Every structure is written in structure tokens, then in C-alpha cells.
Amino acid sequence: MNQIHTTLSALFPMGELTQQRPNLAFMTVPKEHLRAVILHLRDVEGFSHLVLLTAVDWLEEGQFQLNYLINHRGRCLDVGLRVFLPRDAAVMDSIHDVWPTAATYQRELREMFGIDFPGSPRLHEEFILEGWNDIPPYRRDFDTKKYAEESYSQRPGRVTHDPAAHMKQQLYPGGL
């Protein structure tokens with residue numbers, strides 16, 4: 001993985017390399033160089049499969065982290081590419097033309113985080129959240145409890161347990 005990072009660093013302004021295990025590493029890539037890095041990994045290095053595209057909401061830092069996980073089947077290698085976007089202008093180039101499966105991930109990220117991928121097919125059609133009119137629910141500033149209390153009535157007889165006490169009771173019914 002160090003060799004791939006060294007090669008990429010000679011071609012692009014690459015960021016941090018984090019080696020997770022011998023066959024998995026994560027590399028930080030500036031937003032504007034992601035497409036070129038992905039094309040190099042696919043066309044030159046032989047990475048042929050987009051495994052996953054997901055996001056992390058770093059609310060306190062005011063940014064999203066996109067994670068592109070790609071695989072080289074022949075060498076049993078996975079490379080994760082990290083891209084950071086400002087939370088208030090969450091727009092990223094689409095890669096659906098490089099790997100068509102990216103379109104599905106991009107639709108989900110738009111709906112659940114509010115990250116836009118201009119040009120991605122069917123991006124603005126409802127995907128998971130039919131009729132949703134609140135902030136995207138995977139954003140950390142979405143108040144799940146408040147939403148549930150405002151949207152759903154309480155069922156009679158429903159009891160909430162303190163998780164620690166409840167598990168202690170379940171594991172040790174007669175006490176310690």
C-alpha cells in the first residue's frame with residue numbers, strides 16, 4: 001500500500017495514509033483530485049470494483065467525510081479514499097460514469113445527508129424517504145427523539161428502561 005500511496009503522491013497532492021491492515025489502507029484525497037485518483041487506480045493500478053461509498057458527519061468540524069472503498073480483486077487489496085467537504089456546501093462530483101453503482105450510493109447520500117452530486121442519475125427522485133420534509137436524518141444535528149415524539153403517539157403501557165439496569169436484571173435475575 002505504501003507503494004501505491006507513493007505513486008499517487010508523485011502524481012497528485014495526496015494527504016494522510018492510514019494503514020488498517022496489510023491489504024487495506026485509507027488515503028486522504030483533495031476533493032478536486034478524486035476523479036483523477038480514481039481513474040488512475042482503475043485504469044493503471046487495476047482496481048476494478050467500487051465496494052462502498054459512504055459518509056461521516058463531523059458536525060463539530062463543520063465537514064463531511066466521504067469514504068470511497070475500492071477493490072483490486074486480483075491482488076486482494078482494498079483502498080479507501082477519504083474526501084472532506086464543507087458541511088454547508090456539501091457538493092461532490094459524481095463518479096457514476098466511472099462506476100455505475102456509485103449512482104445508488106450517491107442517491108442515498110443526498111437523501112440521508114444532503115450531499116449533492118450534480119449530474120448523477122435520478123438524484124432528486126425520492127429514494128428511501130418518501131414524503132420526507134425535514135433535514136436529512138443522518139446529519140448529526142437531526143434530533144431523532146424530537147422527531148419521533150412529534151410524529152408518533154405514545155403507545156399505552158410502553159415502559160423505558162435504563163439500559164444498564166435492564167441488562168443487569170436480564171443477566172442476573174436473582175441479583176448479584
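This is a predicted model: local features need pLDDT of at least 70, side-chain atom pairs count only at pLDDT 80 or more; totals for chains, interfaces and linings use all residues.

Reader: How many aromatic pairs does the structure hold?

Author: There are 6 aromatic pairs. Take F113 and Y138: the ring centres are 5.6 Å apart and the planes sit at 75 degrees, so this pair is edge-to-face.

Reader: Where do F113 and Y138 lie?

Author: F113 is in helix α3, residues 102-113, and Y138 is in the loop between α3 and α4 (144-151). The pair therefore ties together parts 25 residues apart in sequence.

Reader: Is F113 buried or exposed?

Author: F113 counts as buried, at 6% relative accessibility. Y138 is partly exposed, at 45%.

Reader: And F142 with Y147, what kind of pair is that?

Author: Tilted, because the planes are at 50 degrees, with ring centres 5.6 Å apart. F142 is buried at 11% relative accessibility. Y147 is partly exposed at 23%.

Reader: Which residues do ring pairs link into a cluster?

Author: W132, F142, Y147 and Y152.

Reader: Switching to the core. Which residues have the most contacts inside the largest nonpolar core?

Author: L41, L66, Y68, L81 and I115, in a core of 38 residues. Elements giving it two or more residues include α1 (2-11), α2 (34-43) and β4 (63-72).

Reader: Which element gives the largest share of this core?

Author: β5, with 5 residues.

Reader: What is L41 in contact with, leaving aside neighbours within four places in sequence?

Author: I4, L8, G46, F47, I70, V79 and L81.

Technical notes: Residues are numbered from 1 along each chain as its sequence is written. Side-chain values use heavy atoms; hydrogens and water are left out. Rings of Phe, Tyr and Trp (its six-membered ring) pair if their centres lie within 6.5 Å; planes under 30 degrees apart count as stacked, over 60 as edge-to-face and the rest as tilted. Helices (H or I, at least four residues) and strands (E, at least two) are DSSP runs, numbered from the N terminus. Buried means under 20% relative accessible area, exposed over 50%, partly exposed in between (1.4 Å probe, protein chains only). A nonpolar core is a set of buried Ala, Val, Leu, Ile, Met, Phe, Trp, Tyr and Cys residues joined through side-chain atoms within 4.5 Å. Contact means heavy atoms within 4.5 Å.
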